[in-house]
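Please open the structure in your viewer and keep a selection tool at hand. The tour moves from one selection to the next and says what is found at each stop.

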Amino acid sequence: MSETVASRAGIPVGISACLMGEQVRYNGGHKRSRYCLEVLAERFALEPFCPELEAGLGVPREPIRLVGRPGEEPRVVGTVDASLDVTERLEEVSQAFIEKHRHLRGFILMKGSPSCGLERVKVYGENGMPSHSDAGAFVRALKRHFPILPLEEEARMNDAVLRENFITRVYALDDWKRQVEAHPSYHELLQFHSRQKYLLMAHHVEAYRELGRYLAESSRLPLEEAMAHYLQRFMTALARPATRKTHTNALMHVFGYLKEALDAETRQDLLAAIEEYRQGHVHLAVPIRLLSHYLKRHGSEYIRRQTYLDPHPYELGLRNAI
């Protein structure tokens, strides 16, 4: 396992409290997530938060919903008593949470919640009918004040690609915070980019090229400015899930570091595994494991350090399903 992945137990990740089994929903219930509690909790230090409870709404409570017109930021009001408007209270507790939790590497959210829903939360018009959708009030605050934070709904993590993408982003941000943010320097910034190159290529090849050019000139800029620009662009690029086509491109680039060291038969075996992955016959884990096997024997230190080969713990089995 690469240096950037080793010994990462306890990565701080926020989570909607109801997903932890806490009885904080409006009806006194919960939405306990087995995957979060039985799988992710072994790797992440999950920090539960319920903005509605924190805003003083109590349990049980009158349900709330988003109300507003398209193009405007919705208000958060009671479903029975429309005079119950908790918009400002939710904004205050959200900002207070963000100020105290900038150490987080991600946040797992409750689907459909007027506070914690990531997207497609119903917004009701004056006639009481849904007119469009938006993110929950807490999520809008997170995006506004902490735009690089990886966010995902627990329900969407049933999709193997979205699950792998979110966890990849959590580990990448953890690498940044432990290495670059903790020891800010141009050297650490360049080292981070060096080991993240092929992961970045697999997600967004244009960003891979753009950030390479940017870093070539970044020493002329104030370090803080260069770091902020790089991180924003890097995390935005990783938020775009990689495809079989983009993974295949990255795999072929990694293969290029081996082809001179291997005999013809072994090269053909590797190329066949990459092609079988491209065609959808095998999962990504197959060519990755083959490449990693030969890179340990023949690869340079540079290519062996690529986080693309090992962006998250192998035991999670994330690449066995994509």
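Select helix α7 (residues 205-217) together with helix α8 (residues 223-238), whose axes come within 10 Å and cross at roughly 170 degrees; helices are DSSP runs of H or I with at least four residues, strands are runs of E with at least two, and both are numbered from the N terminus. The axes are lines fitted to C-alpha atoms, for helices over the stretch in contact, with angles from 0 to 180 degrees between N-to-C directions. That crossing makes α7 roughly antiparallel to α8, a term used for angles over 145 degrees. Now show the side chains of A207, E210, L211, Y214 and L215 on α7 and of E225, A226, H229, Y230, R233, F234 and A237 on α8, which make the contact (heavy atoms within 4.5 Å). These residues divide into 8 nonpolar, 1 polar and 3 charged, where Ala, Val, Leu, Ile, Met, Phe, Trp, Tyr, Cys and Pro count as nonpolar, Asp, Glu, Lys and Arg as charged, and the others, Gly among them, as polar.

This is a predicted model, in which local features need pLDDT of at least 70 and side-chain atom pairs count only at pLDDT 80 or more, while totals for chains, interfaces and linings use all residues. Residues are numbered from 1 along each chain as its sequence is written, and side-chain values use heavy atoms, with hydrogens and water left out.

Next, select R140, which is found in helix α4 (residues 137-145). R140 counts as buried because its relative accessibility is 11% (buried is under 20% relative accessible area, exposed over 50%, partly exposed in between, with a 1.4 Å probe and protein chains only). Leaving aside residues up to four places away in sequence, R140 touches L66, E73, P74, D134 and A135.

Move on to R120, in the loop between β5 (107-109) and β6 (121-124). Its phi is near 55 degrees, a positive value in a residue other than glycine, and at 55% relative accessibility R120 counts as exposed.

Then select V59 and P60, which are joined by a cis peptide bond with omega about -10 degrees; P60 lies in the loop between α2 (51-54) and β3 (64-67).

Finally, zoom out to the whole protein, whose secondary structure comes to 12 helices and 8 strands. Its C-alpha trace spans about 75 × 45 × 35 Å along the principal axes, and 49% of its 322 residues count as buried.

Notes: Angles under 35 degrees count as roughly parallel, over 145 as roughly antiparallel, 65 to 115 as roughly perpendicular and the rest as oblique.
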